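Let's take a friendly walk through a protein model together. Have a look at the sequence and the structure first, then read on.

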Amino acid sequence: MAYCTLHLGTARLHCGEIEEAARVIGEGAMLASQSPSARLTREVRAARARLEPWRDTRVVRELDERVGEMGLGV
């Protein structure tokens, strides 16, 4: 479920829906935090890295904070 959610977030990003992409990637990160998987953690980081051009936006800063609180680090 986490992988699919992260991929959906990436799809939203490709559609230009930055806020929705960050929201969905956050959901994927939450799901990933419940599973101790290195591959899944890498996928969260990769999904977040795709948002790097928008790193200064409120929604991406909030995502970074949430992901950090989950221990998945960006």
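## A short tour of the model

Leu8 sits in helix H1, which covers residues 2-14; helices here are DSSP runs of H or I with at least four residues, numbered from the N terminus. This is a predicted model, where local features need pLDDT of at least 70, side-chain atom pairs count only at pLDDT 80 or more, and totals for chains, interfaces and linings use all residues. Residues are numbered from 1 along each chain as its sequence is written, and side-chain values use heavy atoms, leaving out hydrogens and water.

The predictor's confidence in each residue is called pLDDT and runs from 0 to 100. For this protein the average is 94, and 99% of the residues score at least 70.

Next, the cysteines. A disulfide is a covalent bond between the sulfur atoms of two cysteines. The structure holds zero disulfides, counted as pairs of cysteine sulfur atoms within 2.5 Å.

| Residue | Relative accessibility | Class |
|---|---|---|
| Leu8 | 43% | partly exposed |
| Cys4 | 57% | exposed |
| Cys15 | 59% | exposed |

Finally, back to Leu8: Leu8 and Arg66 are 58 residues apart in sequence, and their C-alpha atoms are 18 Å apart in space.

How values were computed
Helix = DSSP H or I, 4+ residues; strand = E, 2+ residues; numbered from the N terminus. Buried < 20%, exposed > 50% of the residue type's maximum accessible area, 1.4 Å probe, protein only.
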